[in-house]
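Here are my notes on this one, point by point. Have the model open while you read.

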Amino acid sequence: MIYPENLEVRLGFEYIREKLNTYCLSSLGQFYVEKMKFSTDYQLIDRLSTQTAEFKQILQSLNTWPSQNYVDVYDSLKRSKIEGLYLSEQELFDVKTSLNTILECVLFLKVSEDHEYLSIKELQNFTIDKQLVTLLEKVIDDNGKLKDNASTALRKIRYSII
């Protein structure tokens, strides 16, 4: 079946996008909402509908899904690939909190029943470098500041200032 070019306008898709944007916890979520398009692909619609139903079930359950620290660190990670460039304290803190949130989400799904949230569990096609998480925990405190013992040189500098 052929659909008119203005189908999304006629269906009020833009209104749906605007409403969804108000519920997004991060700019990355808003980015994906903006990418949403009308589809006739049954398998895609079925998969996304199942994921939505599963996530609704998660949000309505007594278990707590992590609801904070969804920080878009894409630009920082992209810059970190450039040799000689360094991330600021704030950028390192954002990466640390983002990774911790991701780990909380992974743990939530891991401890859930094997038959629960199968469509969402399929999205876990990534690995997290635990050494990176450990290193960030070691050098960045919970307020986003470099710890005195982040490096020997920093410890000496801060000690000499005191």
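This is a predicted model: local features need pLDDT of at least 70, side-chain atom pairs count only at pLDDT 80 or more; totals for chains, interfaces and linings use all residues.

1. Numbering starts from 1 along each chain as its sequence is written, and side-chain values use heavy atoms, with hydrogens and water left out.

2. Now look at α6 (residues 89–111) and α8 (residues 130–139): their axes come within 10 Å and cross at roughly 130 degrees. α6 and α8 are therefore oblique to each other. On the α6 side, the contact (heavy atoms within 4.5 Å) is made by Leu92, Val95, Lys96, Leu99, Asn100 and Leu103. α8 brings Lys130, Leu132, Val133, Leu136 and Glu137.

3. Which residues make up the largest nonpolar core? Ile58, Trp65, Cys105, Phe108, Leu109, Tyr117 and Ile120, seven in all. Such a core is a set of buried Ala, Val, Leu, Ile, Met, Phe, Trp, Tyr and Cys residues joined through side-chain atoms within 4.5 Å. α6 supplies the largest share of this core, three residues. A second, separate core has six residues, among them Val73, Val95, Ile128 and Leu136.

4. Ser26 sits in the loop between α2 (13–23) and α3 (27–35). With a relative accessible area of 15%, Ser26 is buried (under 20%; exposed is over 50%, partly exposed in between, using a 1.4 Å probe and protein chains only).

Conventions:
Axes are lines fitted to C-alpha atoms, for helices over the stretch in contact, and angles run from 0 to 180 degrees between N-to-C directions. Helices (H or I, at least four residues) and strands (E, at least two) are DSSP runs, numbered from the N terminus. Angles under 35 degrees count as roughly parallel, over 145 as roughly antiparallel, 65 to 115 as roughly perpendicular and the rest as oblique.
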